[in-house]
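Subject: Structure handover and findings

Hello,

Here is the structure I promised to pass on. Please have a look before reading my notes.

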Amino acid sequence: MKTKEDNLPAVQSVVKDESFVQIKVLFFAKARDITGLTELSMEVSSGSTTQDCLNKLVAKFPNLDEIRQCIVLVLNEEYTTESAVVKDKDELAIIPPISGG
Amino acid sequence: MNSEEKTLVEIIDGNNQIDLAKYINYVSAPQAGAIATFSGTTRDTFEGKTVVELRYEAYVSMAIKNLKSICSAARSSWDLHSIAVAHRLGIVPVGETSVFVVVSATHRADALDACKFLIDELKASVPIWKKEVYSDGEVWKENLEFLERRLELGKDVGCCRRKIETAAHDKKSCCKPKVKVEEAID
């Protein structure tokens, strides 16, 4: 049943599972060559760090381990560390060594 | 009449060459006595191997954001009028320009120093990649500037703090190896 009061959003009939968050992962350059994907959607437990996400990705794509030591992580278009905590709908990008210019 | 200070950042897809004159015109102004430019072009050889072409890709939304931030940092360090940075994506054949940086300022020292800073910062931190294609293989290139900077990137170090270190860079740095080649994966 949906109700609406003032400007409050309508109450959803489905209760959201707060113990997991959904993030989008982007792969570029060599990371894309390794996984064969430009992006994927991933569910991780609430409170997971970017390192946890990376571990999960390496488990799924073991060849990512080859570049793990030289990649940098980007969260929502900002460089980040492996200890950053991901939130629902975050965008995590796997950035192999860049070579612009 | 004074022209307004302007900043233009463009990431260009497709097979068209960068219109250098467009960006020079963009930064030109009556009060800017100096225009400094840097154009990066595809070289025909790397370590004795013949290069067929370079192929560029980018995390476009972040690259634009980063470039704008680098332009702001340049403005806080030098007295500049206008800035334009354009980077091409896709295939860039030998001899063609992949990146163009142009800066105008009242005086040449500001324009030249800021121009160097902009390209150095682009190479250290903007998420753009190039694959070097030879007749017998291809490799993803890695900028030395990025490898030197990568451990700091995620931490709260603003790129403008690097101005002093960048300005003090060895002037002969262009002759040092700039990229590390990784073996292509079969």
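Below is what I found, starting with the ground rules.

This is a predicted model, in which local features need pLDDT of at least 70 and side-chain atom pairs count only at pLDDT 80 or more, while totals for chains, interfaces and linings use all residues. Residues are numbered from 1 along each chain as its sequence is written, chains are lettered from A and ligands numbered from 1 in the order in which they are written, and side-chain values use heavy atoms, with hydrogens and water left out.

Chain A

Chain A has two helices and five strands. Helices (H or I, at least four residues) and strands (E, at least two) are DSSP runs, numbered from the N terminus. Along the sequence of chain A the order is β-α-β-α-β-β-β. Of the 101 residues in chain A, 48% are buried. Buried means under 20% relative accessible area, exposed over 50%, and partly exposed in between (1.4 Å probe, protein chains only). Take the contacts in chain A with a separation of 6 or more: 52% of them join residues 24 or more positions apart. A contact here means heavy atoms within 4.5 Å. Chain A exposes about 5,700 Å², and carbon and sulfur atoms supply 51% of that. Accessible areas come from the Shrake-Rupley method with a 1.4 Å probe; for residues, only the protein chains shown count as cover.

Two loop residues

Asn76(A) has a positive phi, near 50°, and is not a glycine. Asn76(A) lies in the loop between strand E3 (72-75) and strand E4 (78-80) of chain A. It is partly exposed, at 30% relative accessible area. Glu47(B) also has a positive phi, near 45°. Its loop runs between strand E3 (45-46) and strand E4 (49-58) of chain B. Glu47(B) is exposed, at 67%.

A helix in chain B

Helix H3 of chain B covers residues 108-125. Its 18 residues reach 26 Å from first C-alpha to last, close to the 26 Å expected at 1.5 Å a residue. The expected span is 1.5 Å times one less than the number of residues. In H3(B), 13 of the 18 residues are buried.

Where the chains meet

How many residues of chain B are in contact with chain A? The count is 34, and they touch 27 residues of chain A. The area buried between the chains is about 2,600 Å², with carbon and sulfur atoms giving 57%. Buried area is the accessible area (1.4 Å probe) that two parts lose on being put together, summed over both. Tyr59(B), Trp129(B) and Phe146(B) supply 25% of the area that chain B buries against chain A, more than any other three residues.

There are four salt bridges between chain B and chain A. Each is a side-chain nitrogen of Lys or Arg within 4 Å of a carboxyl oxygen of Asp or Glu. The side chains of Lys65(B) and Glu77(A) form a salt bridge at 3.7 Å, N to O.

Ser99(A)

Ser99(A) sits in the segment after strand E5 (91-95) of chain A. Ser99(A) is buried, with a relative accessible area of 0%. Residues in contact with Ser99(A) include Tyr56(B), Ile128(B) and Trp129(B).

Best wishes

Notes:
Lists of a residue's contacts leave out its neighbours within four places in sequence.
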